[in-house]
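Please set out the fold, the core and the aromatic contacts of this model, with the cut-offs behind each term.

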Amino acid sequence: MHAELHPSSHPLPTQLRRVLSLLPKAPGSRLFVTALNLALLPHLPDDVRAMLAGRRLRIRAPDAGLAFDFTWNGRAFAPLASGAQANLVISASVHDFAQLAARKEDPDTLFFSRRLLMEGDTELGLVIKNTLDAIDGPLFDPSQLAPRRVLSALRPGRPSR
């Protein structure tokens, strides 16, 4: 059972939520880790990479019916089959995750207002939070998701940056 998030002040339209919840999990996790590798990989210090090794993480957006399971494989984030027990689950609304990525919202503010939940390995959660806080500027640059760049990162045998 998951802890409950405070309702978002920016709910997704019902039809969009329904469509998103029907998407297959594996391709979604693959696309998510590709975006994560493009946005975050260059900023990860070696000690954080070492701590992430072998850990199973899940990002949940309950308002969209989405959950992405992934791990650090030593070179990059990699998708995992859904359902495995995660060491850390981070949950928020799609809107709040977008606000975090754009640096328009502070994770502590979201956490203390129960709009961001972390369940599981709290030490790992704090390391991730502190790592993200140490990055200057937005984590998400829409140009990183340009089709040519994403397709290049998805090519088999090529590390995601």
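## An aromatic pair of neighbours

At 36% relative accessibility, F111 counts as partly exposed, where buried means under 20% relative accessible area, exposed over 50%, and partly exposed in between, with a 1.4 Å probe and protein chains only. F112, by contrast, is exposed, with a relative accessible area of 66%. The two residues form an edge-to-face aromatic pair, 5.3 Å from centre to centre and with 80° between the planes; rings of Phe, Tyr and Trp (for Trp, its six-membered ring) pair if their centres lie within 6.5 Å, and planes under 30 degrees apart count as stacked, over 60 as edge-to-face and the rest as tilted.

## Basis of the values

This is a predicted model, in which local features need pLDDT of at least 70 and side-chain atom pairs count only at pLDDT 80 or more, while totals for chains, interfaces and linings use all residues. Residues are numbered from 1 along each chain as its sequence is written, and side-chain values use heavy atoms, with hydrogens and water left out.

## The sheet

Five strands make up an open sheet with the order 3-2-1-4-5 and mixed pairing. Strands (E, at least two residues) and helices (H or I, at least four) are DSSP runs numbered from the N terminus, and two strands pair if DSSP finds at least two bridges between them. The edges are formed by strand 3 (77-79) and strand 5 (116-120), each of which pairs on one side only. From one strand to the next the twist averages 25°, with axes taken as lines fitted to C-alpha atoms, for helices over the stretch in contact, and with angles running from 0 to 180 degrees between N-to-C directions.

Strand 1 (residues 56-61) pairs with strand 4 (residues 88-92) in the parallel sense over four bridges, and the bridge partner of R60 in strand 4 is S91. Helix 4 (residues 94-101) packs on the sheet, where it touches strand 1, strand 4 and strand 5, and its direction makes about 100° with that of strand 4; contact here means heavy atoms within 4.5 Å.

## Two hairpins

Strand 1 and strand 2 run antiparallel and are joined by six bridges, with I59 standing opposite F68. Four residues lie between the strands of this hairpin, in which G65 takes a positive phi near 70°. Strand 2 and strand 3 are likewise antiparallel, joined by three bridges, and T71 stands opposite A78 in strand 3. This second hairpin also has four residues between its strands, and G74 in the turn has a positive phi of about 100°.

Another positive phi, near 60°, belongs to R114, a residue other than glycine. Most residues other than glycine have a negative phi. R114 is placed in the loop between helix 5 (107-112) and strand 5, and counts as partly exposed at 42% relative accessibility.

## The nonpolar core

The largest nonpolar core has 22 residues, and those with the most contacts inside it are L44, L52, L57, F70, F77 and L124; such a core is a set of buried Ala, Val, Leu, Ile, Met, Phe, Trp, Tyr and Cys residues joined through side-chain atoms within 4.5 Å. At least two residues of this core come from each of helix 2 (25-40), helix 3 (46-52), strand 1, strand 2 (66-72), strand 4 and helix 6 (122-134). Not counting residues up to four places away in sequence, L57 touches L52, F68, D69, F70, A86, L88, L124 and I128. Strand 2 is mostly covered, with six of its seven residues buried.

## Helix 2 against strand 2

Five aromatic pairs are found in a search of the whole structure. The rings of F32 and F68 have their centres 4.9 Å apart and their planes at 5°, so this pair is stacked. Because F32 lies in helix 2 and F68 in strand 2, the pair ties together parts that are 36 residues apart in sequence. F68 counts as buried at 17% relative accessibility, and one aromatic cluster is formed by F32, F68, F70, W72 and F77.

S29, also in helix 2, counts as buried at 3% relative accessibility. Leaving aside neighbours within four places in sequence, S29 is in contact with A67, F68, D69, P79 and L80. L31 is found in helix 2 and counts as partly exposed at 49% relative accessibility; the C-alpha atoms of L31 and F68, 37 residues apart along the chain, are separated by 9.4 Å.
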